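Let's take a walk through a protein together. Have a look at the picture first, and then we will go from the whole to a few single residues.

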Amino acid sequence: MPLPTPAAHRQLRHRRTIDVQIFARGDGFWEVDAQLVDLKTRALHTSAGPRPPTRPIHDLLLRLVVDEKLNIVEAGSASTWVPHGAHCDDHGDAYAGLAGLNLLQGFRRAAQERLGGVRGCTHLTELTQVLPTAVIQAFAGEVIDTSGSGPDAKQPFQIDRCHALRAEGEAVRLHYPRWHRKRDDSRSDHNPGATNIPG
C-alpha cells in the first residue's frame with residue numbers, strides 16, 4: 001500500500017510516542033502500562049515555565065490491573081511531565097473510575113463518558129482507546145485460544161474482526177480452513193468487517 005511521498009525538506013517539529021506494555025503477574029491478573037510522551041524539537045514556553053526540547057511536554061502513564069476475562073479490577077494514572085503543573089493533575093485521579101469496566105463490553109464508549117471533556121486529561125482519555133486491542137494481543141494464544149484447532153474449539157476470536165481475517169478470505173482459507181466459508185453474494189447485509197471489537 002503506497003504512502004504519500006515525504007517532502008524532501010520536511011522538518012520534525014513534534015513526536016508523540018505511545019507505548020503499551022502488558023505484564024503477566026502469575027496470580028491470574030495482568031498489569032497494563034500505557035504511556036504517552038510528547039516531545040517538541042524546539043524550546044517551548046509553558047505555563048509551568050520554559051521547556052527545553054530534551055524534556056517532554058507530556059509524560060503520562062495509565063496503569064490497569066485486569067483479570068483474564070478482561071475485567072478492570074484496579075486503575076490509576078500518573079503524570080511525570082505536564083504543561084500546566086498541578087492544574088493538570090487536579091482531576092483527583094479520575095482514572096481509578098475505569099475499575100469495574102470490561103475491555104470488551106462497551107469499554108471505549110464508557111471510558112469516554114466517564115472521562116471525556118473536563119472530567120479527565122484529554123491525552124490519558126485518548127490513551128484508553130488503544131487498550132482493548134493491545135490486551136487482546138497480549139492474551140492471544142495464552143489466555144484466548146486463537147488456533148481453533150481442538151475438536152471442541154469455537155471459531156477463533158480474531159476471525160471476522162479485520163479485513164485480512166474475514167471468514168471468506170484467503171488468509172482464513174489457508175491458515176484456518178475449518179473456519180473458512182464461501183462468500184454469499186446474495187446477502188446484501190453481509191459485511192463481516194462491521195463486526196469489530198465492541199466499545
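What radius of gyration does the protein have, and what would a compact globule of 199 residues have? The protein has 21 Å, whereas such a globule would be near 16 Å. Here the radius is taken over C-alpha atoms, and the globule rule is 2.2 Å times the number of residues to the power 0.38. Along the principal axes, the C-alpha atoms fill a box of roughly 60 × 50 × 35 Å.

Before going on, keep in mind that this is a predicted model: local features need pLDDT of at least 70, side-chain atom pairs count only at pLDDT 80 or more, and totals for chains, interfaces and linings use all residues. Residues are numbered from 1 along each chain as its sequence is written, and side-chain values use heavy atoms, with hydrogens and water left out.

Now follow the chain. The protein has six strands and five helices, and from the N terminus on they run β-β-β-β-β-β-α-α-α-α-α. Both kinds of element are DSSP runs, numbered from the N terminus: helices are H or I with at least four residues, strands are E with at least two. Of the 199 residues, 35% count as buried; buried means under 20% relative accessible area, exposed means over 50%, and partly exposed lies in between (1.4 Å probe, protein chains only).

Let's stop at Asp19, which lies in strand 1 (residues 14–24). Is Asp19 buried, exposed or partly exposed? Asp19 is partly exposed, because its relative accessible area is 31%. Leaving aside neighbours within four places in sequence, Asp19 is in contact (heavy atoms within 4.5 Å) with Asp33, Ala34 and Gln35. The C-alpha atoms of Asp19 and Leu36 are separated by 6.6 Å, although these residues are 17 apart along the chain.

Two loops hold our last stops. Most residues other than glycine have a negative phi. Leu70, in the loop between strand 5 (58–67) and strand 6 (72–81), has a positive phi, near 70°. Leu70 counts as buried because its relative accessible area is 4%. Asp160 sits in the loop between helix 4 (131–139) and helix 5 (170–175), and its phi is also positive, near 70°. With 10% relative accessibility, Asp160 counts as buried.
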